[in-house]
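Trainee: Please walk me through this model. I would like to learn how to read its features one by one.

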Amino acid sequence: MGVVIIDGTTVRDFVNDAAAFTKSVDEQFTALDLNKDGVLSRSELRTAFESMRLIETHFGIDVATPPENLATFYDSIFDKFDGDRSGAVDRHEFREEMKKIMLAIADGLGSFPIRMVLEDDPNSLLQKAADLEASKI
Ligand SMILES: [Ca+2]
């Protein structure tokens with residue numbers, strides 16, 4: 001667990017730093033691709049969402065959501081990522097969608113810094129956004 005202070009600018013600067021952002025998203029993709037076939041299946045992506053509370057928070061899903069609703073929710077998220085309806089999410093689709101999600105989170109955060117407690121995840125994009133910001137000071 002780590003606590004970071006983060007605001008919309010921190011997240012947006014990170015997304016706009018194409019090299020740093022792509023590298024981080026690619027690392028996350030590689031970690032999520034459990035069977036190493038180069039794409040994320042429905043279940044691999046679902047595992048990712050369950051560990052990234054980030055997305056549930058962003059889409060306003062609370063922990064009390066019944067399991068059957070969550071299944072529908074994860075299906076709709078998968079369809080968002082799988083832009084070409086191939087049944088799997090490739091690296092390019094993952095980058096594009098994570099970029100949209102991070103920018104939406106940046107808009108949601110606005111200019112008020114908040115303290116955020118992050119799970120101990122070496123691939124957390126918000127953690128990397130905060131690290132990038134810290135490295136500039
Ligand atoms: Ca896979």
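Trainee: What share of the contacts with a separation of 6 or more joins residues 24 or more positions apart?

Mentor: Contacts come down to a distance: two residues touch if their C-beta atoms, placed from the backbone, lie within 7 Å. In this chain, 76% of the contacts with a separation of 6 or more link residues 24 or more positions apart. Two notes on conventions. Residues are numbered from 1 along each chain as its sequence is written. The model is predicted, so local features need pLDDT of at least 70, side-chain atom pairs count only at pLDDT 80 or more, and totals for chains, interfaces and linings use all residues.

Trainee: How many helices and strands are there in the chain?

Mentor: Both are DSSP runs, numbered from the N terminus: helices are H or I with at least four residues, strands are E with at least two. The chain has 7 helices and 4 strands. Their order is β-α-α-β-α-α-α-β-α-β-α.

Trainee: How do I describe two packed helices?

Mentor: Give the angle between their axes and the distance between the axes. Axes are lines fitted to C-alpha atoms over the stretch in contact, and angles run from 0 to 180 degrees between N-to-C directions. Take helix 1 (residues 8-16) and helix 6 (residues 91-109): the angle is about 155° and the axes are 7 Å apart. That makes the two helices roughly antiparallel, a label for angles over 145 degrees.

Trainee: Which residues of helix 1 meet helix 6?

Mentor: G8, V11, R12 and V15 do, and their partners in helix 6 include K99, M102 and A106. The contact residues divide into 7 nonpolar, 1 polar and 3 charged. Here Ala, Val, Leu, Ile, Met, Phe, Trp, Tyr, Cys and Pro count as nonpolar, Asp, Glu, Lys and Arg as charged, and the others, Gly among them, as polar.

Trainee: Which residues touch the most other members of the largest nonpolar core?

Mentor: A nonpolar core is a set of buried Ala, Val, Leu, Ile, Met, Phe, Trp, Tyr and Cys residues joined through C-beta atoms within 7 Å. Among its 25 residues, I6, V11, L45, F94, M102, L126 and A129 touch the most other members. Helix 6 gives the largest share, 6 residues.

Trainee: Is E44 buried, exposed or in between, and what does E44 touch?

Mentor: Count other C-beta atoms within 10 Å: 20 or more is buried, 12 or fewer exposed, in between partly exposed. E44 has 17, so E44 is partly exposed. Beyond four places in sequence, E44 touches L32, D33 and L34.

Key. Angles under 35 degrees count as roughly parallel, over 145 as roughly antiparallel, 65 to 115 as roughly perpendicular and the rest as oblique.
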